[in-house]
Amino acid sequence: MSATAIAHDDLKNTDHAHDHGHKKQSFLWKYIFSTDHKVIGLQYGLTAMVFLLFGFFLMMVMRYSIAFPGKPLPLFGTLLGERWAPGGVVSPDLYNMFGAMHGTIMVFLGIVPLGFAAFGNYIVPLQIGAIDMAFPKLNAWSYWLFFVGGVMMLLSFFMPTGAAQVGWTNYSPLATTVQYLDVKNIFFTGQTQWLVSMIFIISSSLLGAVNFVTTILNLRCKGMTWMRMPFFVWAMLVTGFLLLLAFPPLEVAAILQLFDRVFGSSFFLPTGLVEANQHLDISGGGSPLLYQHLFWFLGHPEVYVLILPAIATVAEVIPCNIRRPLWGHKTMIYAVLVLGFLSFIVWAHHMYLTGMGSVVSTFFQITTVLISVPSVILLTCLMISLWGGSIRFNTAMLFACAFLPMFGIGGLTGLPLAFNMIDLFLHDTYYVIGHFHYVVAPGTIFALFAGIYHWYPKITGRFMSEKLGRVHFWPSLVFMNLLFAPMMIQGMAGFHRRWYDGGKAFEDTTSVSNWFSQGWSHFAGIFGVHVESTMIGLNSLMSFAAWGLAIAQIPFIINLFFSIKGGKKVTCDNPWHATTMEWDTPTPPGHGNFLHEPVAYRNPYEYSVPGAEDDYTPQFLPDGAKVEEKLTRAEH
Amino acid sequence: MEIPYTVKARPDTGLWNAKMGIWLFLASEVMLFGGLFSAYIFLRIGADYPWPVHVLNPWYGFINTLVLIFSSITVLQAWLALKMRKWGMYQIWMVLTIACAGAFMCIKTVEYNDKFHHYGVQLNDGSVLEGHLVNNEYLVKFGEVKTVTLATRLNAKGMLGINLVNPASDAGFLKYLVEGKPEFKDESGNIVTLDSSVVAKLLAEATKNKKPTVKLTAVVPLKFNIEPARLAAYDKGKAAFRDGTEIEGKLEDDTMRLLVDKVDLRRLIPTQEENLGKAVADVNDADAWKVLGPEWKEKYLKHYKEESGKFAKEHDKQVPLKNGDFVREAFTMEISLHENGATAHQVKPEINEKETHKAAESPQHMAPTHAAEGGGHHDHPEIAIEKKDIHFYSNFTPKYNNYFAIYFALTGLHGLHVIGGAIVLSYFLFFGKKMFKENPEHLANRVETGGLFWHFVDLVWIFLFPLLYLM
């Protein structure tokens, strides 16, 4: 390998993608059925972003139904079909359908593929100095399984019964019996298609996880010892293990529920189940609780699958932009390992209301409180890193900085939910919704934005526009908070998470108010708009915030696509003056990634080393070499 | 530029990539089957009905265990042959391995087939009769059918007006027509002969006119024999198919005819019951005797006395109802005409050739005609059970109870693993020659990877066998 690498160093002016001794590939094989980890990473990223946007659109329709129940939906109302939206008014069925699909799409088709699969695929092999993933073909297979699963999930909207309707958790017995009677073929119902697509998506994740873990363990370059691996790689390793071990029980749940629906078994159906005044034609004797155990055994590690890539990304963006080493790199590694382990023994805190018994509840309360310790360690390390740094506030850093308090709010509001007696009141209220959206939306998604702004120059060779970046960041931050903070206030007042009319049908019980809801009412009054001063009035605030958030994403989309051709060109391969291995590659990295054999000489975050000439000493810099030589070497 | 460690092991991890990959994959497989085994435990502990034990023939399972263990040895030998670079030996051992996979699946097919033809019927009070359907069929018979209503399902126009699957009536119901031609008068008096294209045309017209249904009148009254699974609902004068089609006529017969081979009364006894006398009194009034007749009740009481006498002799200190084995022996009874010396009353139902052929495939299912010829003890009385007496019935598929459900889930998933493994090993066998010549070590590594998976599949079966057949 080194022999070819030396040869490459002499070829200064060639396109890296084409000079590796194999013939030019056609567009189809280069960009569609590629086995190159970078192309697959981009495929994952773009697909996931489309899914995210679609999931966001579903949520906006739901928010309209909440804020203005019974009023026809503007623009899109007629497209939704007379069956689901008679006269353009969102029906409860449609609301349920969109709710279930919003959750499913965001979690399984949006964040996991974007955070883990896209960033992981692109960055991990670069950061450990590998030329590709360990199993490139398998990598392509996992993308295409994911793609097929995702498309099937979307096509289920066009089934005669509509898509799945019972929430992203898909609890039995409802999930088994809904869309069961009165259909021609049980297989062609949204609810069944949900299960089938989940089996595709889970298989994709499993193959991906095998690939990631093998790559990280076996393909590290020379000198890349365990503790020299950046935190990003460590977090991806733990995430890989979580996916590997937590997803199979969900696959079991999906297979068993599929049996229940298609073959009429009763795994999750109790004896004597009655629907529409009729005894169902089932044997009974199953257990709905079994489904919840199988689901949440995945479900909780899944939460960390959503958040760890985010923390990992922030842990790369922050040290680079504060010019200081990551504070407590080793501590963070140990914390993330503990976190990964503990995440397997906390699942039943989602099930306090099922009457598991106080002993089981107590056990899960203890483990749940324990798991906050490593999470807090991770966040604290990132916070302390900021202390005394000379911070460069580019857009990536703004998002990374915003991530810290947002994730903090999300995490801390979870603490009360860990306790059984508090959870009895807050379960299934908007408080829970507010809590986990703070973790995932302004938390994970902000971190992923930071990652996109940070690595964009490496991927395309151009910077994203900083001006548009700021127009993207500040409104997003404001609207995110206006959207999710009132949820907690409403939730504590008892608002249930699945009201399609936002609580209008329960006006007598939702007529509480506080300074916040009164304030919003007064504020709206300034503009001559009448808003209830009770909690229900907050619905319109949140809905407008949601739509505002949508508008705030427009500059990002423009930025993302126009910067490919119109952004400011990078002048060297390491434009942020970062220290990790991915900046040692040409821009954009060609097939095979590195122009010479990559070697890791030191720890990943050597910024502002005392006595060094520059404020950064990259991992790939040989002892005694000067940074400038290294920088200009690969410049074209 | 090539990915390192595809053939040679990385020194610090000691593994080449595929070996590490397969071990990680097996870890996730452990979680998959672990989840299923946990589900088994959960369901068995939580069962509110007598969990079936000893219902499978352990010999099938035992032979399959031997087959799989043997194949684990042969796959190892195949790998060894490659390590010694002996292509011929490798081929022989690999063929043996794949043949074992085939044998395993054949035995499995026989076992599955048994279960598809064996039915259990739970009567309203909970007593269960098991046996085979006469002619292997249970049909709902409608006669004098004059009106057929096709449904357009106008209201099913979904999102963006697109439906990927046609929700409206199709011509599927015509399959069950047994007497008369499908000639109908439509609403304007024209005579149409229905087939799938005509149905589609009629429905398209009705949809255009925004009519929810198309009503057709038969020229001559028709007769339908319908599989109950195709029906969404039916009563005395009407049957609604799952696709929305409705026929109106007269329900002529929905009686189930069963060749009973076992009666099971355990569901009649409350779970916490300890008073044996009360349990026997409950069983005395079982609905099963109304269907089977008093003759069988007497035989059963005799059987019960024998069993309880035996039990009292062996374990006089135990509470009988707390002993699962006793409950199973005493409150169930095999029903066979021959054993009870009642061959004179044997009913010989008609069996057409096709059914006889089917029956011959499944060793447990011996149709009475066979039994009479062979003088075996599988001749069972035929009984008629009215629909109103049936609480629930099914063949021994996942629907019947959670034991069969988890049985099919576990063995089905295991079977898919066997097939998958066999496909991969066949690939190494038939397309491995080139790689053997170029890089035999790489092929040996591949076979090692496949072999590891194969051993795992074997291991899963070694857990499955005692769990499903013996415990």
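The buried residues of helix 18 of chain A pack against helix 3 (37–67), helix 16 (466–492) and helix 17 (515–526) of chain A. The structure is a predicted model, in which local features need pLDDT of at least 70 and side-chain atom pairs count only at pLDDT 80 or more, whereas totals for chains, interfaces and linings use all residues. Residues are numbered from 1 along each chain as its sequence is written, and chains are lettered from A and ligands numbered from 1 in the order in which they are written. Helices (H or I, at least four residues) and strands (E, at least two) are DSSP runs, numbered from the N terminus.

Helix 18 of chain A comprises residues 538–552. Its 15 residues reach 21 Å from the first C-alpha to the last, close to the 21 Å expected at 1.5 Å a residue; the expected span is 1.5 Å times one less than the number of residues. Buried residues have 20 or more other C-beta atoms within 10 Å of their own, exposed ones 12 or fewer, and partly exposed ones a count in between, with C-beta atoms placed from the backbone. In helix 18 of chain A, the buried positions are Leu538(A), Asn539(A), Ser540(A), Leu541(A), Met542(A), Ser543(A), Ala545(A), Ala546(A), Leu549(A) and Ala552(A). Ala552(A) is also a contact of Pro475(A), as is Gly548(A), when neighbours of Pro475(A) within four places in sequence are left aside. Contact here denotes C-beta atoms, placed from the backbone, that lie within 7 Å. Pro475(A) belongs to helix 16 of chain A and counts as partly exposed because 17 C-beta neighbours fall inside 10 Å.

Helix 15 (residues 430–460) of chain A was examined against two other helices, using axes fitted as lines to C-alpha atoms, for helices over the stretch in contact, and angles from 0 to 180 degrees between N-to-C directions. The axes of helix 4 (residues 92–127) and helix 15 of chain A come within 11 Å and cross at roughly 25°. Helix 4 of chain A is therefore roughly parallel to helix 15 of chain A; angles under 35 degrees are classed as roughly parallel, over 145 as roughly antiparallel, 65 to 115 as roughly perpendicular and the rest as oblique. On the helix 4 side of this contact are Ile111(A), Leu114(A), Gly115(A), Phe119(A) and Ile123(A), which meet Val440(A), Thr444(A), Leu448(A), Gly451(A) and Trp455(A) of helix 15. Seven of the contact residues are nonpolar, three are polar and none is charged. In this classification Ala, Val, Leu, Ile, Met, Phe, Trp, Tyr, Cys and Pro count as nonpolar, Asp, Glu, Lys and Arg as charged, and the others, Gly among them, as polar.

Helix 9 (residues 288–322) of chain A packs on helix 15 of chain A at an angle of about 45°, with the axes 8 Å apart. These two helices are therefore oblique to each other. The residues contributed by helix 9 of chain A include Leu306(A), Ala310(A), Glu316(A) and Val317(A), and those from helix 15 of chain A include Val440(A), Thr444(A), Leu448(A), Gly451(A) and His454(A). By class, the contact of helix 9 with helix 15 of chain A has 10 nonpolar, five polar and one charged residues.

The axes of helix 10 (residues 329–342) and helix 11 (residues 358–386) of chain A come within 9 Å and cross at roughly 155°, and the two helices are therefore roughly antiparallel. Among the residues that meet are Met332(A), Val336(A) and Leu339(A) from helix 10 of chain A and Leu370(A), Pro374(A) and Leu378(A) from helix 11 of chain A. This contact divides into 12 nonpolar, three polar and no charged residues. In the loop between helix 11 and helix 12 (395–412) of chain A lies Gly388(A), which is exposed, with 10 other C-beta atoms within 10 Å.

Between the chains, 54 residues of chain A are in contact with 49 residues of chain B. Helix 7 (190–218), helix 8 (231–263) and helix 9 of chain A each give two or more residues to the chain A side, and helix 8 gives the most, with 10 residues. The chain A side consists of 32 nonpolar, 15 polar and seven charged residues.

Cis peptide bonds join Ser172(A) to Pro173(A), with omega about 5°, and Thr587(A) to Pro588(A), with omega about -15°.

Conventions. Two residues are in contact if their C-beta atoms, placed from the backbone, lie within 7 Å.
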